[in-house]
Amino acid sequence: MSTATETIQEFVSNEYKYGFTSNIETETIPPGLNEDVIRLISAKKNEPEFMLNWRLKAYRHWLTMAEPAWQFAKHPPIDFQSAIYYAAPKNRKELNSLDEVDPELLKTFEKLGISLNEQKRLAGVAVDAVVDSVSVATTFQKDLAKQGIIFCSFSDAVQNHPALVQQYLGSVVPHTDNYYAALNAAVFSDGSFCYIPKGVRCPMELSTYFRINSANTGQFERTLLIADEGGYVSYLEGCTAPMRDENQLHAAVVELVALEGAEIKYSTVQNWYPGDKQGKGGIYNFVTKRGICKGRKSKISWTQVETGSAITWKYPSCILLGDQSVGEFYSVALTNNYQQADTGTKMIHIGKNTKSTIISKGISAGRGQNAYRGLVEIKKGAANARNFSQCDSLLIGDKCGAHTFPYIEVKNSTGQVEHEATTSKIGEDQIFYCNARGISTQDAVNMIVNGFCKEVFRELPMEFAVEAQKLLGVSLEGSVG
Amino acid sequence: MNQPILAIQNLHAGVENKKILKGINLAIRPGEIHAIMGPNGSGKSTLASILAGRDAYDVTEGEVIYCGKDLLEMDPEERAREGVFLAFQYPVEIPGVNSTYFLRAALNEHRKHRGEPELDAMEFLTLVKEKVKLLHLPDDLLKRPVNVGFSGGEKKRNEIFQMAVLQPKLAVLDETDSGLDIDALRIVAEGVNTLKRPDNATLLITHYQRLLDHIVPDFVHVLWDGRIVKSGGKELALELEDKGYDWLIKHDVARG
């Protein structure tokens with residue numbers, strides 16, 4: 001613990017610590033978007049025809065759509081023709097081992113605290129590292145393959161497991177779903193793919209680590225995760241980006257499929273560059289995440305800790321189709337300085353005796369604006385469906401805002417829906433009380449915020465819960481002074 | 001034993017354009033209990049807040065020396081770690097933060113400051129169990145968030161409990177007796193009396209004499225309009241109880 005004066009200085013001078021750029025040779029295509037660009041992306045990836053057709057269908061549909069404007073966040077119009085839709089580290093060839101990965105890339109990940117060297121890895125976590133939308137390395141693939149688990153980049157999956165890709169791609173988030181999902185379907189370059197076979201419990205945490213490096217590029221990844229009957233997997237994604245003055249668009253899609261008795265736990269620690277203290281630069285994080293509980297007694301659980309991005313706009317959702325299936329959503333969203341977040345979830349109850357839980361914690365500091373938007377829908381046939389929602393907001397300072405937009409649609413009279421909401425403020429009195437007991441202001445804020453987020457943090461895998469707490473502390477530096 | 005724990009000299013302070021303290025002089029030596037009494041608005045709580053370091057007040061003149069150091073130069077957390085403790089008149093609720101966790105974090109800050117090893121959860125629990133008995137606090141209070149859902153009396157007892165754990169050199173009790181029933185008052189007083197040592201000191205700030213039936217002060221000071229207008233032994237409190245403040249003020253005015 002440093003002295004109070006030092007802590008205050010630390011606060012003031014705090015910078016985004018992942019804001020560096022790596023000097024990696026990159027192959028890009030010219031900016032702009034048209035059918036030729038899509039054909040080029042598909043060709044570069046040597047894709048089978050069904051992929052190209054799907055991309056083109058999505059692109060043509062996208063052209064008919066208008067950019068949505070209903071979110072509680074403001075941004076200048078995005079010029080889709082000025083962005084680059086394909087950027088990849090050069091020299092990508094079949095790698096036989098990690099030794100062949102560009103050392104500069106390995107260094108980048110070391111700097112981020114993620115070692116791709118399997119010997120040095122935290123035991124029990126396999127990583128797929130994605131730079132500028134292209135997967136550069138996937139660890140522990142061989143160990144996992146022994147149990148029939150497929151964990152690889154999306155591109156590899158298209159090449160090696162086309163049948164699985166064709167069967168499930170777009171089955172949860174169709175190419176027509178929304179403006180950004182359609183765009184993603186047209187131009188996505190890579191992402192992660194995972195398949196857990198029948199009855200297999202994945203023995204380690206799987207994770208994808210996304211890194212934006214190039215300037216002026218749009219980032220479009222796609223993750224597809226399938227847990228076959230009785231399978232279990234816990235999956236984590238993390239994200240960082242360099243500090244740049246211009247805004248960068250990140251429009252990813254994540255699709256989860258849980259078959260009978262399967263369980264998927266999907267955790268996100270999102271720390272894209274949030275922009276500077278004046279609100280300049282930062283990532284537009286417009287992401288579509290959805291899972292379907294297809295089979296009986298299947299379960300999907302989303303946990304997210306959102307601390308980065310200039311604008312976060314996403315609703316990890318569950319379609320509860322199978323009887324007795326369970327959907328969960330645990331979220332901590334933090335906005336500081338000029339960050340904006342409009343996030344929440346959708347729980348669509350279709351099967352009988354389905355259950356869902358929503359715990360959302362929004363923290364606003366500086367001039368941050370934080371909105372929870374959620375839909376709980378109980379369809380006609382969803383007898384005895386139950387939902388519990390709790391949305392809490394915490395305000396730090398008097399220039400930020402918290403907003404809650406819950407939508408509830410119940411079409412079956414046996415449904416039970418509960419919604420609780422609170423708003424509280426970290427007051428000077430609370431800080432002073434902690435100070436008067438010997439606790440510094442920074443520690444006091446961290447303590448109060450972590451207490452506020454407790455219910456969500458305990459859903460995260462252990463190592464990441466600690467990370468998330470630290471991240472929250474760093475993101476809040478300078479919010480009180 | 002000659003160096004005072006606290007020496008206040010000619011302290012003037014206020015908010016914005018309003019002067020509240022107009023030249024306080026006070027010396028508290030180790031082993032002593034002082035009581036400051038006075039009517040509402042006389043500046044009692046302002047004095048307590050300034051000692052703890054609340055920045056809502058501007059000190060315009062004078063100094064406060066704590067154990068030979070300039071107290072006013074220190075941040076509130078530094079004062080706490082150096083052994084100044086304020087028992088709040090209105091203890092603050094902190095939802096989500098577990099009482100035990102909070103107090104352990106506080107104690108460990110003190111220990112780090114003194115260069116002592118931090119206590120782990122088990123060691124801390126042992127310490128707490130012993131102190132809990134002293135204040136007759138229900139066990140489950142420590143499992144709840146700081147002060148959340150505590151009754152008024154529980155909050156005040158919790159303040160004294162924190163004091164028992166942190167073992168300050170100078171404890172400032174700001175109207176700890178207000179809102180307490182007679183049983184709670186006795187428990188709080190017992191706590192304060194038990195914690196008294198030859199090397200620490202207590203400053204009681206109170207409106208009423210009744211707390212002083214249970215905690216016997218060595219000195220009583222009467223605060224009126226930002227000044228100490230009379231100081232005396234414990235019998236002064238009884239006199240005040242008997243005659244009220246008016247007597248003293250008239251007396252003071254007549255004399256002045």
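Two residues count as being in contact when their C-beta atoms, placed from the backbone, lie within 7 Å. Keep that in mind for what follows; the model is a predicted one.

## Helix α9 of chain A and what covers it

The buried ones are Q430(A), I431(A), F432(A), Y433(A), C434(A) and N435(A).

So what covers the buried residues of α9(A)? The cover includes β23 (416-426) and α10 (441-457) from chain A, together with α2 (76-81) and β7 (94-98) from chain B.

## Strand β13 of chain A

Strand β11 (residues 253-258) of chain A runs parallel to β13(A), with six bridges between them; here L256(A) has G291(A) as its bridge partner. Strand β15 (residues 311-314) of chain A also pairs with β13(A) in the parallel sense, this time over four bridges, and F286(A) sits opposite W313(A) of β15(A). Then there's strand β16 (residues 317-320) of chain A, parallel to β13(A) and joined to it by four bridges. In that pairing, C293(A) has L320(A) of β16(A) as its bridge partner.

## A four-stranded sheet in chain B

Over in chain B, four strands make an open sheet in the order β2-β1-β4-β5, paired antiparallel. Which strands stand at the edges? They are β2 (18-28) and β5 (69-70) of chain B; each has a single partner strand, so one side of each is left without a neighbour in the sheet.

For β5(B), strand β4 (residues 58-66) of chain B pairs with it antiparallel over two bridges, and I65(B) stands opposite D70(B). Helix α1 (residues 44-52) of chain B lies across β1 (6-15), β2 and β4 of that chain, running at about 70 degrees to β2(B).

## Chain B as a whole

Chain B has seven helices and 12 strands. Its C-alpha atoms fill a box of roughly 60 × 40 × 35 Å along the principal axes. A compact globule of 256 residues would have a radius of gyration near 18 Å, and chain B has 18 Å, so the two agree.

Buried residues account for 42% of the 256 residues in chain B. Of the contacts in chain B between residues at least 6 apart in sequence, 71% join residues at least 24 apart.

Technical notes
Residues are numbered from 1 along each chain as its sequence is written. Chains are lettered from A and ligands numbered from 1 in the order in which they are written. This is a predicted model: local features need pLDDT of at least 70, side-chain atom pairs count only at pLDDT 80 or more; totals for chains, interfaces and linings use all residues. Two strands pair if DSSP finds at least two bridges between them. A residue is buried if 20 or more other C-beta atoms lie within 10 Å of its own, exposed if 12 or fewer, and partly exposed in between; C-beta atoms are placed from the backbone. Axes are lines fitted to C-alpha atoms, for helices over the stretch in contact, and angles run from 0 to 180 degrees between N-to-C directions. The radius of gyration is taken over C-alpha atoms; the globule rule is 2.2 Å times the number of residues to the power 0.38.
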